[in-house]
Amino acid sequence: MKFELKRVSGKSILFVMAAEAEYGPFLRSRIDPLMTGVGPVEAAIALTRAFAQLEAEDDLPDLVVSLGSAGSARLEQTEVYQVTSVSYRDMDASPLGFERGRTPFLDLPATIELPLRIPTIAEASLSTGGNIVSGTEAYERIGTDMVDMETFAVLRACQIYSLPLIGLRGISDGKVELQRISDWTEYLHVIDRKLSYAVDGLFTALEDGVFWF
C-alpha cells in the first residue's frame with residue numbers, strides 16, 4: 001500500500017480516498033492518500049490493513065480525513081461540504097425489530113455524529129452504502145443531504161483504533177438521473193480543486209491553532 005502521513009504543526013494526518021479519478025493535480029500537489037477502492041467493504045479492508053501496519057510501526061495518525069466525491073439532489077453541485085453525521089443505508093434488520101440503519105447487537109445509533117469541524121466549510125449530513133443513488137425519489141427515501149460509498153466504513157475502522165475522523169465531500173452528481181460514468185466524472189476536476197482548498201483550510205487552522213482535537 002502506498003500512502004504517506006501528512007505532518008502539520010506536530011500532528012500526523014492520514015488522508016483516505018476511494019478512486020484515482022477523484023485524485024487530481026490539485027490534491028496530488030498536497031497529499032499522498034491511502035487509496036482504498038470503491039465501496040464500504042474495500043474501504044474497511046484497506047484502512048484496517050493500513051492501521052495495522054502503522055500500529056506495528058508505532059505511527060498511527062492523529063487524525064484521519066476521508067475525502068472524495070458524493071451525490072446530492074439538494075446541495076450545490078461541485079461545492080465541498082464537511083460531514084456532520086454519517087449513517088449506513090445498507091443496514092436494515094427492521095424485520096427483526098431493529099431500527100433501520102442500526103447494526104444488530106452493536107451499541108451504536110443509526111446516525112453517528114462527527115464532532116470535528118474545519119472553520120468556514122459548509123456542513124451536511126451523509127449516508128454511506130454500496131449502491132449508486134440516482135433519481136429524486138431515491139434521494140428522498142434516504143433523507144440525508146448527500147450520499148457516498150465509503151465514509152461509514154472509514155468511521156468504523158477509526159472507532160476501532162480510537163482515531164478522530166473528518167469527512168470532506170464534493171458534490172459530483174445528483175441533480176439528474178445517472179446514465180453513464182461520465183455523469184459522475186464530468187466535474188471531478190472542479191471538485192479536486194475545491195477539495196484542495198478545503199485541505200489548505202485544515203492545514204491553516206492547525207497552524208493557526210484554531211482547530212484542535
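Which residue just after H4 takes a positive phi? Ser 162 does, with a phi of about 55°. The model is predicted: local features need pLDDT of at least 70, side-chain atom pairs count only at pLDDT 80 or more, and totals for chains, interfaces and linings use all residues. Residues are numbered from 1 along each chain as its sequence is written, and side-chain values use heavy atoms, with hydrogens and water left out.

**Confidence**

- The protein chain has a mean pLDDT of 92, and 99% of its residues reach 70 or more; pLDDT is the predictor's confidence in each residue, from 0 to 100.
- Helices (H or I, at least four residues) and strands (E, at least two) are DSSP runs, numbered from the N terminus.

- Helix H4 (residues 151-160) is largely enclosed by the rest of the structure, because seven of its ten residues are buried. Buried means under 20% relative accessible area, exposed over 50%, and partly exposed in between (1.4 Å probe, protein chains only).
- The buried residues of H4 are Thr 151, Phe 152, Ala 153, Val 154, Leu 155, Ala 157 and Cys 158.
- The largest nonpolar core has 32 residues, and those with the most contacts inside it are Leu 14, Leu 47, Phe 51, Val 64, Met 146 and Val 154. Two or more residues come from each of strand E2 (11-17), helix H2 (40-56), strand E4 (63-71), strand E5 (80-88), strand E7 (123-128), H4 and strand E9 (165-173). H4 gives the most to this core, with six residues.
- Another core, of 26 residues, lies apart from it and includes Leu 116, Ala 198, Phe 203 and Ala 205.
- A nonpolar core is a set of buried Ala, Val, Leu, Ile, Met, Phe, Trp, Tyr and Cys residues joined through side-chain atoms within 4.5 Å.
- Leaving aside neighbours within four places in sequence, Val 64 is in contact (heavy atoms within 4.5 Å) with residues including Leu 14, Phe 51, Val 154, Cys 158 and Ile 166.

- Ser 12, in strand E2, is buried at a relative accessible area of 4%. Not counting residues up to four places away in sequence, Ser 12 touches Leu 5, Lys 6, Arg 7, Leu 60, Pro 61, Asp 62 and Leu 63.
- Glu 22 sits in the loop between E2 and helix H1 (25-28) and is buried, with a relative accessible area of 7%.
- Between Glu 22 and Thr 185 there are 8.1 Å in space, C-alpha to C-alpha, although the two are 163 residues apart in sequence.
- With residues up to four places away in sequence not counted, Glu 22 touches Met 17, Leu 27, Gly 68, Ser 69, Trp 184, Leu 188 and Asp 192.

**Positive phi in loops**

- Most residues other than glycine have a negative phi.
- Thr 78, in the loop between E4 and E5, has a positive phi near 75° and counts as buried at 13% relative accessibility.
- Phe 105, in the loop between E5 and strand E6 (111-113), has a positive phi near 70° and counts as exposed at 79% relative accessibility.
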